[in-house]
Amino acid sequence: MTKEIGRARARRQANDELVTSKLPRRPSREAAEAAVRTLIEYAGDDPTRPGLRGTPDRVVRSYDEFFRGYNTDPIELLQRTFDEINGYDEMVVLKDIRFESHCEHHIAPIIGKAHIAYLPDHRVIGISKLARLVEVYAKRLQIQEKMTAQIANTLSEVLQPKGVAVVIEAAHQCMTTRGVHKPGVSMVTSTMLGAFLNDPTTRREFLAMIGTPGRSGLDNV
């Protein structure tokens, strides 16, 4: 288990260092608004007409909301844990955590829900922090596979539990509103660590708790 935690920590650190090393200097708000005006012109419209004059400001403000996950360190978010658990060592599951993200290939919405479980070793974390962890990674440019692994590896690193499981099911608007135009399709990804990877009974119990991903569909997508 210790080796697995070490590998998870190394993967997360390597990914964070890679991302940080490639981040350009953040442009000014004025430059961002100018870029939106350029895109409006590229689309074939006039950014100076009355209906579009306020659009650059609105788009930039929406970006502040869409991508606020870059402003939060997920490790710091999870620092407050609880040791007084009276020997509780059964599964902790939080399911149906709705999220909105954006794909890094087309900046199109990804809308779905995440299911998280862990087997405590000696400490637990407030359930709201699990939802916040999903939010931190969702509010970045993402691919679903990476987001699934990021959530699982971060939770494993901080809590050092006996195991972590994350399943995400989502609809990708880059597939439903462009390209192949296939609505009603959901993508399911999972990351299993520790007992959830090595013990089929534990894994089956978790999957039974969350139900069959994708079977009931995704509401409001």
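Trainee: How many residues separate Tyr63 and Phe66 in helix α3?
Mentor: They are 3 residues apart in α3 (residues 55–66), which puts about one helical turn between them. Helices here are DSSP runs of H or I with at least four residues, strands are E runs of at least two, and both are numbered from the N terminus.

Trainee: What should I know about the model?
Mentor: This is a predicted model: local features need pLDDT of at least 70, side-chain atom pairs count only at pLDDT 80 or more, and totals for chains, interfaces and linings use all residues. Residues are numbered from 1 along each chain as its sequence is written, and side-chain values use heavy atoms, with hydrogens and water left out.

Trainee: Back to the rings. How many aromatic pairs are there in the whole structure?
Mentor: A search turns up 4. Rings of Phe, Tyr and Trp (its six-membered ring) pair if their centres lie within 6.5 Å; planes under 30 degrees apart are stacked, over 60 edge-to-face, and the rest tilted.

Trainee: Why is the pair Tyr63 and Phe66 called tilted?
Mentor: Their planes sit at 50°, so the pair is tilted; the centres are 6.4 Å apart.

Trainee: Which aromatic pair does Tyr63 form with Phe67?
Mentor: An edge-to-face one, with 5.0 Å between centres and 75° between planes. Phe67 is buried, at 11%. Ring pairs join Tyr63, Phe66 and Phe67 into a cluster.

Trainee: New topic. Which residues of the largest nonpolar core touch the most other members?
Mentor: Phe99, Ile116, Tyr118, Val134, Met147, Ile151 and Leu155, out of 34 residues. A nonpolar core is a set of buried Ala, Val, Leu, Ile, Met, Phe, Trp, Tyr and Cys residues joined through side-chain atoms within 4.5 Å.

Trainee: Which elements supply it?
Mentor: Among those giving at least two residues each are β2 (92–103), β3 (109–119), α5 (127–138) and α6 (144–159).

Trainee: What is Ile151 in contact with?
Mentor: Leaving aside neighbours within four places in sequence, Ile116, Leu133, Val134, Tyr137, Val166 and Ile168. Contact means heavy atoms within 4.5 Å. There is also a second, separate core of 10 residues, including Leu119 and Phe206.

Trainee: How many helices and strands does the chain have?
Mentor: It has 9 helices and 7 strands. Buried residues make up 40% of its 221 residues.

How values were computed: Buried means under 20% relative accessible area, exposed over 50%, partly exposed in between (1.4 Å probe, protein chains only).
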